[in-house]
Each structure stands twice: as C-alpha cells, then as structure tokens.
Amino acid sequence: MFQVLKNFYHKLGSFPWFYKISGKVIPIVGFFSISLIVISSIWGLFFSPTDAVQGDVYRIIYFHVPAVSVSQVIYYSMSVAAAVFLIWRMKMAGVYIKSLAPIGAAFTFIGLLSGAIWGQPTWGTWWVWDARLTSTLVLFLFYLAIIGMQSTFTSRKSADTAVSIITLVGVVNLPIVKKSVDWWNTLHQPASISISGGSSISSEMLIPLLLSILGVYLFVFFTGLLFMRAEISSREQNKEWFKKLSSNN
Amino acid sequence: MLKTANLSYKFDDKYIFSNLSFEFANDSVFKLVGDNGSGKSTLLKILSGIYKNYEGELSFPDDNLVFYSGHKTGLKNNLSPRENIYFDIRLPEISHSQINSVLDKLDLIDHADIQSAYLSEGQKRKINLASFILSAANLYLLDEPFNNLDRKTTDLLLEIFDLKINAGAKIIFSSHDRSSDDFPLIDMNLFN
Amino acid sequence: MIYPIKILKKEFLIYSRKSSSFISPVVFFLISISLYPIGISNDPDILKNLAPGLIWITVLLSTLISFQNIFSEDYEDGSIELLLASGQNLSLIVLIKIFVNWIFSCLPIIILSVLSVFLLYFPQEGLKPLIISLLIGTPTICLFGALAGALSLGKNSITGPALMLPLSLPVLILGTQAINYSLNGINFSSNILLLTAILIFLLPIILFASVGALKLHFN
Amino acid sequence: MDFGEFNIHIWSVVSITGFICLLLIYLPLVKIKKNESKIKNNETT
C-alpha cells in the first residue's frame, strides 16, 4: 500500500506524466463540471421554490456559497502544497500554488461581489465589517500578494519558495484576523445582521445548492489542471520531452 | 587547501558551469577568464559563500578567512570614504592612522571626509581597494578588480598582490582581459 | 569592536545622515493629523472618538513609506552580498536593522502623537494607553515591514503593502481597542498583554522568514 | 422564478460569474496553444 502511494507521489511530481494524463482528464472533467454548473444554475434559478422571506434574490446563494467555500478550500490546499514544496522541494507543488492562486482570487472576488449584491436588497447594505467578510477580504489580499510575488524574483525556484512562505504566513494569519475582528466587533456593536441566514433550508433548495457546490469544485479541478498545464508548458518548453510531445500533436 | 570537486551551478534548470574540479594552491594568484555569462562572478560568489545551492563539493582550509569584493562594492553614499572603510564589515577593528596611510597611498586623503556620493566611479573603486589593502584575510575573491583603475593604481594593486601572496594568502580574481601577466589562468569557457 | 555593535553604529550613522528617513514619516504624520479635522469635521466630539483609530492608521501608513528602506539600499549597493559572504549570523543583523529602522521611522511619530491632544482634542487620560500601545505595537508592524521588504526587494510592486496590511490588522485592532477601552473606563491591560504576546511570538518567526526571504534573492 | 421578470441583482451575479469562469478557461488555453505552437514554428523554420 505504502509502495503504491510512494509511486503515485513520484509520478505526480513528474511533469511529462502529468502533462500526458492531464491532457486526457481535462476534457472529461471539463464536460462534467460545466454541465453540472449549467444544470444546477438552471435548477436553482428557475425551478427551485421562491424563498418566503427574501423572495427571488435568495437565488444568488447558488453562486455565492460555492464560490466562498471553494475560495477557502483552494487556499488551504495551497498551504498544504506550500508545506510540501518547502519540505520535499517538489517542483509540482510550486506549479500548483502558482496555478491555483488566480483561480482562488477569482472565486474570492465572485464571493465578495455576489455577497455584496445579495446583501444590498436583503439587508439594506452592501458591506458589513464583520469577521467573515473582513477575513474574506484579507484572503483576497493574500491571493493578490501571491500573484504579485511571482514577478519579484528572477529565479523560478526562489519565487516558488517565497510564495510558499507567504501562503503559510497567510494560513496562520487568517484565523488571527478573524478572531481579532470578532473582539473588535464586541466593542463597536455593529447593526445586528445575521449573515448566516439562520432558518433551515428546504430540501428543494438544498439539492441544487449541493449540485452547484459539486459543480464548482469540479470546475476548480478542471481549471486548476488547465492552469497547471499552461504553467508546465511555459516552464518546460525547452525540455526534450515537451518538444517531442508537442511536435507529435 | 581550497578545493573544488565536480562543482556545478545551475540557475533554474540551466547549468551556468559544470564539473569544475580544481585545487587552489596556497601563496598564489589565480585569474578567472571567460566570456560574459561563463560564470566568473558566479564562481566567486559560490567560493565566498553568497550562493549556497551549488552541486558538487567544495572544501576550505581550516583557517579560512574570506575577503570578497564584487561588482557592487557595498559603499554607502552618505558616509565619507573614511567612515566607509572604518565600518567595512569585512575588516577587523582598524585605527584611524592605518586608514589615513592607506588613503594617502591611494591619493584619496583630500576626499577622506566628504560624502562618497560626490566621488567618481574610479575613486569609489579605490575606497574598496583600501579595504582590500587593510584586510587580513587569507583568501581574496575579487571580481574584476582592475576595471576603472588608472595606470598608477593598477601598478599599486599588482604590488599589493605580491605583498598578500608573500604573507601566505591566495587571491582569485576575475578579468575579461586574457593577455599579458603571468598569473595561472582558469578558463571558465571550458566548463560551460 | 564587536561585530553587531559595528553594524549598529553603522546603521545609526547611515540613518542619521539620510534625513529623509526620519523626516518624511514625521511630515507625513503631521500633514495627515492636520488634514483630518479639515476633511472630516472640526467638531471636538467627533474627532475625539475618531482620534485613536486615526492616529494608529496614520502610524501604520507612514511605516508603509519607510519599510522599503530596510533592505532596498543594501540590496542595490551590494552590502547584503558582503553580509552573506561574512558568514555572520544574519538574523541578528536583520534584527539590528529593524531596530534602527524603528528608532528612526516610528519613535519620532510616537512622540509626536502627543500633539493629537491639541489637534484632535484627544483626551489626556487616553495618552498613556496610546503611547504604550504604539510602543508595543509598532515593532510588530516593523517586523512585518521587514518581511514584506525582504520579499519584494528590487522591484517596486504592490506586493509589499498587499502583504503587510492584512498582517498588521490584528495589531491595529488591538491597539485602537486598548485606547477605546481605557477611555470608557475598562481595563485595557489584556490588550497590551496580547500585543506583547504577538510581538514575542512573532519576533523569531518573522526574523527567520525575513532572513530566508533575503537569501532567496541570492540563489 | 418567473421567466418574464428581470431581477437585476441575480443576473448581474450570473453574468459576472459566467464571464470570470469563461476567462478562467480561456486564458490557460491560449497560453498552452502559444507554447506548443512555439515549438512547432521553431522546427519548421
């Protein structure tokens, strides 16, 4: 069992293997993820029942919740990759962080924006300085810092190391930010808004929501592979295996 | 003895030089030559300990005391030449009379107390040279020390080389000038 | 002369010659402090409530101006290469650099923040927590500045500030909260203790990370 | 939701999300194409 895992780890670290496999996997994952997103969106937008309290606007949930949840999961996965890169110097982990950062930033942006657009008609305000929103904003800043850090170093390896350090600093910092905003709010006593909704959600609304979450996760998997493939293609374009592969195509 | 065995250095995936095996005997001057980008500066930076991620082996003598001088001199523009030498982190504690005599030798004594920003490039190199003269290291790594120097200072530098060698030190310096002098050459082009 | 002391003296000399290093944060602070009443309101009640936050934010932003100074010049002129070649303990040197930077860029502002009593109608009894929180909080911010500066060396990018501001957020919150607590008659010592704990906890970590980041530029 | 009714809040979220997702697919595809064709051009010339 251990041997199988070890083999898999070594294969995962090999660029030619990844490039070959990802080329086969991408169309399949892409097809499923896009169709899932389309199905769940249509289901959520047109066929799920209208919310008794919020009306139709609640349907933003089918975009907001998946985006926010995936934006955090991406960051946590990146911090795992950062640790792997710093400890075992696995090049693929560097590729992973660099590739997933723009996707994470995009979904954090979608989450923040859809939250604001949702909040305006529902609670009468675009933005609240509570712990969740603030830490999501900080998460967005960290994504931007990670993307911006890429160009600061001349050596690819140095850039990957620096980005790994920031990613880990961020994963330590985010809970601290969340906690400290909580402390801060107890003094400032903000308007009593509960973003978490509170009321239990009916199954007719829940099924498309779960489908959309699944769809977005698959979509991140799909675009993640795409971005990693693109990154490998530019890092390895002078390598023999890449020249051979692309001239055969 | 300073020795390298199969020393290689790569930047990302591209080797700057590879398989450099060499023994640097004591009491001598070595001259690194080679084309631009052949790794002269890189080798000096590896020997000085600035670059650590080389491949192969590198062994130093036990009493190793390195003096490194690169393209960038580490000179502070808002300190005077005197202060720059006094606070040079490569030097042990030195007295002001020592500094004065060196500055005198280099014709810098008139400029000793103005801000270094007002000096010419050649004069700035001379300040760095002053540190080299005052240093008591036993391994000197100098990156293009003869650049920007006038005739007189060049001769002085060669004299200092002799003094250091007689004191038992060794000097490795880089140059893009292959001609003249009788220093043993290390041609970096051979290791690309 | 012992090595660290030599570096300490050298840093002091360089900073004291470079007048912009301590004058620009001070000028920045004075300008902002005098602009707030004009831009927001000259009503003493409003200014009094905003003063803790305004002072803290201004201090934070003025360190943003200065944190690039910690390593960038040493990087340009080659001093960092010489430090690396010297084989000395780099974290001690970085600590000295951060300390001197703090003395020149933060300490003058902390002293000047007393002026807020006159300019922002800040109540005098709030001065003690203000000064204490600034004294303990700003070194942490300088540490973050050093890390951001070490990571974004040589390039003028938005990366430094984008990295530094979220890191400083907890310090900002704890610092302003301490002042607000004391103005409302609540015991603020827990906040000061937390600020101290953050400083002590982060000091070795950030030092280690900054040294690592510096070395990355020489690979 | 009533098909005839246009809800500006929902549709702005849908369109922005859709646009960003398309961008996330389009950008890497262009980069891969570019890098792979670079090799082919080098061989033919």
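Helix axes here are lines fitted to C-alpha atoms over the stretch in contact, and the angle between two of them runs from 0 to 180 degrees between N-to-C directions. The model shown in these close-ups is predicted.

**View 1. Helices α2 and α3 of chain C pack against each other.**
Here α2(C) covers residues 20-39 and α3(C) covers residues 44-66. On the α2(C) side, look for contact residues including Phe28(C), Phe29(C), Ile33(C) and Tyr36(C). Their counterparts in α3(C) include Leu47(C), Leu54(C), Thr58(C) and Ile65(C). By class, the contact of α2(C) with α3(C) has nine nonpolar, six polar and no charged residues.

**View 2. Chain A meets chain C.**
The contact takes 26 residues from chain A and 23 residues from chain C. On the chain A side, the elements that give two or more residues are α5 (131-149) and α6 (156-188). Helix α6(A) gives the most, with 15 residues. The chain A side divides into 17 nonpolar residues, eight polar and one charged.

**View 3. Ala162(A) sits in the largest nonpolar core.**
This core has 164 residues, and those that touch the most other members are Ala162(A), Ile166(A), Ala146(C) and Leu147(C). Helix α4 of chain A (residues 91-123) supplies the largest share of the core, 14 residues. Now turn to Ala162(A) itself, leaving aside its neighbours within four places in sequence. Ala162(A) is in contact with Met149(A) and Phe153(A) in chain A, and with Leu151(C), Ala213(C) and Leu216(C) in chain C.

**View 4. Arg89(A) and Asn6(B) have positive phi values.**
Neither residue is glycine, and phi is near 55 degrees for Arg89(A) and near 50 degrees for Asn6(B). Arg89(A) is found in the loop between α3 (61-88) and α4 of chain A, while Asn6(B) has its place in strand β1 (residues 2-11) of chain B. Arg89(A) is partly exposed, with 13 other C-beta atoms within 10 Å. Asn6(B) has 12 such atoms within 10 Å and is exposed. The cut-off explains the two labels, because a residue with 12 or fewer counts as exposed.

**View 5. Two chain pairs do not touch.**
No contact joins chain B and chain D, and their closest C-alpha atoms lie 18 Å apart. Chain C and chain D have their nearest C-alpha atoms 22 Å apart.

Conventions: Residues are numbered from 1 along each chain as its sequence is written. Chains are lettered from A and ligands numbered from 1 in the order in which they are written. This is a predicted model: local features need pLDDT of at least 70, side-chain atom pairs count only at pLDDT 80 or more; totals for chains, interfaces and linings use all residues. A nonpolar core is a set of buried Ala, Val, Leu, Ile, Met, Phe, Trp, Tyr and Cys residues joined through C-beta atoms within 7 Å. A residue is buried if 20 or more other C-beta atoms lie within 10 Å of its own, exposed if 12 or fewer, and partly exposed in between; C-beta atoms are placed from the backbone. Helices (H or I, at least four residues) and strands (E, at least two) are DSSP runs, numbered from the N terminus. Two residues are in contact if their C-beta atoms, placed from the backbone, lie within 7 Å. Ala, Val, Leu, Ile, Met, Phe, Trp, Tyr, Cys and Pro count as nonpolar, Asp, Glu, Lys and Arg as charged, and the others, Gly among them, as polar.
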